[in-house]
Amino acid sequence: MTTKKRVAILISGRGSNMAALIEAAKAPDYPAEIVGVLSNKADAAGLDFARQNGIPTASVSHRDYASREAFDAEIERALTAWAADLVCLAGFMRIFSKDFAERWTGRMLNIHPSLLPKFKGLHPQQQALDARESESGCTVHWVTADLDAGPAILQRRVPVMPGDTAETLAARILVEEHRAYPEALAKLARGEVSYTG
Ligand code: GRF
């Protein structure tokens, strides 16, 4: 079998998408391995799950750095130490400097709980409800220097149900996120998709 792609995951909190990627990567034929998890919050619950699964972790607080560039440089050092080929953002709540984003374009993915390009940014589930959408979903997309604007790789849809709140819709979407992210990463790791700009 060809060499597995080395993947680092960046989180800020719960880490359920991170956990889905870690679980998927346990399959012997999965084309990627998770080589490190970095959080900008030391108390992110996802760090415990990663440690319990024997994955190296790093905690780098953006508050300890004078600039976005300095923080990003520290992230770059961790990625270099892990020899990461690819980066998956999974609920990572920081915006990158242009340089960092451009250096990793084509090697960095994110998952967002809406059918992009609809409902970028914060509270996308509430945005979908406010817009009276009949369906929503999640998007795995390339990360570029513009927030939530990189090309989509894969989407999964869910219905919006009568009486949905942002929480019930988020929970329905999250189930699909946990399927979509491992599937999209596998496609990238196998070379079935590549960034074309
Ligand atoms: C997910 O809904 C993801 O799409 C968004 O942030 C949330 C992170 O959840 N970017 P988790 O930390 O993966 O559980």
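# Close-up views of a predicted model

**View 1. Strand β5 is enclosed within the predicted model.** In this predicted model, five of the five residues of strand β5 (residues 108-112) are buried, so the strand is largely enclosed by the rest of the structure. Here a residue counts as buried when its relative accessible area is under 20%. Met-108, Asn-110 and His-112 point one way from β5, whereas Leu-109 and Ile-111 point the other way, and all are buried. Alongside lies strand β4 (residues 86-89), which runs parallel to β5 and is joined to β5 by three bridges. Within this pairing, Cys-88 stands opposite Leu-109 of β5.

**View 2. Seven strands form an open sheet.** The strands follow one another in the order β3-β2-β1-β4-β5-β6-β7, and their pairing is mixed. The edges are taken by β3 (57-59) and β7 (152-159), each of which has a single partner strand, so one side of each is left without a neighbour in the sheet. From one strand to the next, the twist averages 20°. In general, the strands of a sheet pair through backbone hydrogen bonds, and they do so either parallel or antiparallel.

**View 3. Strands β1 and β2 run parallel.** Strand β1 (residues 5-11) is joined by seven bridges to strand β2 (residues 32-39), and the two run parallel.

View 4. Helix α3 (residues 68-81) lies across β1, β2 and β4, and its direction is at about 145° to that of β1. Helix α6 lies across β1, β2, β4, β5, β6 (135-142) and β7, and runs at about 155° to β7.

**View 5. Helix α1 packs against helix α6.** Helix α1 (residues 16-24) and helix α6 (residues 166-189) pack at an angle of about 45°, with their axes 9 Å apart. The two helices are therefore oblique to each other, and their crossing is right-handed. On the α1 side, the residues that take part are Ser-16, Asn-17, Ala-20, Leu-21 and Ala-24, and these meet Leu-174, Glu-177, His-178, Tyr-181, Pro-182 and Leu-185 in α6. Sorted by class, the contact of α1 with α6 has seven nonpolar, three polar and one charged residues.

Notes: Residues are numbered from 1 along each chain as its sequence is written. This is a predicted model: local features need pLDDT of at least 70, side-chain atom pairs count only at pLDDT 80 or more; totals for chains, interfaces and linings use all residues. Side-chain values use heavy atoms; hydrogens and water are left out. Axes are lines fitted to C-alpha atoms, for helices over the stretch in contact, and angles run from 0 to 180 degrees between N-to-C directions. Helices (H or I, at least four residues) and strands (E, at least two) are DSSP runs, numbered from the N terminus. Angles under 35 degrees count as roughly parallel, over 145 as roughly antiparallel, 65 to 115 as roughly perpendicular and the rest as oblique. A crossing is left-handed if the near helix is turned anticlockwise from the far one by less than a right angle, and right-handed if clockwise. Contact means heavy atoms within 4.5 Å. Ala, Val, Leu, Ile, Met, Phe, Trp, Tyr, Cys and Pro count as nonpolar, Asp, Glu, Lys and Arg as charged, and the others, Gly among them, as polar. Buried means under 20% relative accessible area, exposed over 50%, partly exposed in between (1.4 Å probe, protein chains only). Two strands pair if DSSP finds at least two bridges between them.
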